[in-house]
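Have a look at the model first.

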Amino acid sequence: EVSYWLIKLNKNIVRNKNVNIVRRGNKPWIKVSSLKKQKEPENIKEIKDEVLEKWPLTSLLDILKEVELRLDLTSSFESVASKEVMSKGELQHKILLCLFALATNTGLKRISNNIKNVSYEDLKYIQRRFINKDNLKNAIIKIVNGNLKIRNKKLFGGITISCASDAKKFSAWDQNLVTEWHVRYKGAGIMVYWHVDRKALCVYSQIKSCSSSEIISMIEGVIHHATNAEVKKNYVDSNGQSLVAFAFSYLLNFELLPRLKRIGAERLLVPKANFGNISNIESIVSRVINWKIIRDNYEGMIEYAVALKLKITEPEALLKRFTANNLQHPVYQALQELGRIIKTIFICKYLIFERLRIEIHEGLNVVERWNSVNDFIYYGKKSTISSNEPVIQEISILCLHLLQAALVYMNTLMLQKVLEENHWQNKLTVEDKRALSPLFYHHINPYGIFKLDMNERMEI
């Protein structure tokens with residue numbers, strides 16, 4: 001396969017107006033032209049305006065309630081106690097209020113002050129007994145699987161999905177010795193790593209330290225998401241890829257598609273010496289592939305891949321063995337060589353097909369959009385996590401994930417309901433379908449209802 005793509009690139013680069021090889025100093029440099037601006041969709045704004053007209057100022061709490069009534073989320077929240085005397089209706093009501101308080105970061109106290117017959121102690125009881133990491137993950141899986149079941153495959157695709165992976169920094173109170181400082185983003189906090197489908201379906205979220213590897217997070221999300229979705233492609237930025245990541249993506253049967261920041265400095269490998277006539281790309285070929293080291297360590301690579309797939313070991317524990325501190329490890333060397341082969345094939349495709357470059361940018365733009373909606377939902381306390389305990393931080397982020405997934409679920413139903421109407425039949429263009437996404441919120445009121453009665457006086 002590597003031979004095929006090298007020959008294809010050699011032929012294509014002559015007539016490819018957007019890619020050429022130039023000299024930078026005394027070294028060859030791959031120059032790729034910037035992508036053209038996409039054509040603006042004609043009908044997306046009109047579709048969203050119809051959603052706003054039909055469901056104006058919809059409450060986020062109502063969104064969560066509707067998903068509960070359709071999918072029975074609260075059945076995923078099992079008590080840590082041996083038995084419960086609370087009725088199902090009362091339990092359902094209080095779990096939803098507790099989830100909403102944590103997902104918006106407004107806190108249990110402020111939510112309970114606005115709800116009759118529900119006290120702060122009631123919600124604290126629910127939080128202690130029912131809100132834990134496993135229950136939240138099960139509820140999120142239920143929403144994701146429900147979304148895959150109800151969405152129109154012609155508009156949003158089926159269970160085979162392409163994910164974009166990226167991290168977002170959430171601020172945390174820094175008056176604590178265990179709070180981490182992020183070197184790149186500047187500030188105290190934690191990193192949350194998301195795996196978001198091109199149609200805004202987030203299948204996995206995980207909390208990571210500010211210094212943790214995005215490569216480990218990427219692999220963990222693909223193999224541990226536990227939903228019905230089949231991840232076949234994964235888009236990442238430059239921090240989410242490496243030679244070892246390319247190798248494991250091949251062994252675990254998914255495509256790693258990075259947006260390479262320094263594409264100009266990349267080099268290709270050839271399968272053998274004196275390989276054919278590839279004079280057009282000869283200057284960016286570095287050396288011949290070392291097939292022997294891959295053959296000698298093939299079984300070791302497969303063992304590690306199976307251990308990841310079957311969750312025998314955690315990705316972080318395993319991949320920490322393959323770092324620059326362990327360069328002499330034969331399996332590590334074999335993984336790097338396999339990674340170079342897969343990366344060579346990817347670079348050839350990346351340079352040949354402008355459509356692939358557009359696809360990667362579109363995928364990463366979706367996860368950036370997901371990050372921006374985080375701020376809309378997680379608005380309480382200036383979007384700052386007020387605890388430095390990892391367990392509480394993870395519960396808070398999982399609640400946010402759950403509520404945002406519920407918003408995408410209901411928006412999917414709303415869009416499909418609007419597009420069923422006669423005047424939308426055969427009206428959507430190719431650009432409309434490309435840009436159609438259930439990740440929007442201009443019809444949502446996240447804050448609640450505020451009453452002003454001039455006849456009521458404070459009792460002072």
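## What counts as what

Helices here are DSSP runs of H or I with at least four residues, strands are E runs of at least two, and both are numbered from the N terminus. On that basis the chain has 17 helices and 12 strands.

Keep in mind that this is a predicted model, where local features need pLDDT of at least 70, side-chain atom pairs count only at pLDDT 80 or more, and totals for chains, interfaces and linings use all residues. Residues are numbered from 1 along each chain as its sequence is written, and side-chain values use heavy atoms, with hydrogens and water left out.

## Overall shape

The C-alpha trace spans about 90 × 55 × 40 Å along its principal axes. Buried residues (under 20% relative accessible area, 1.4 Å probe, protein chains only) make up 52% of the 460 in the chain.

Contacts are heavy atoms within 4.5 Å. Of the chain's contacts with a separation of 6 or more, 73% link residues 24 or more positions apart.

## Strand pairing

Two strands pair if DSSP finds at least two bridges between them. Strand 8 (residues 230-236) runs parallel to strand 4 (residues 160-171), with five bridges joining them. Strand 8 is also parallel to strand 9 (residues 255-258), this time through four bridges.

Which residue of strand 8 does Ser162 stand opposite? That's Lys233, and in strand 9 the bridge partner of Lys233 is Glu255.

Definitions and conventions. Buried means under 20% relative accessible area, exposed over 50%, partly exposed in between (1.4 Å probe, protein chains only).
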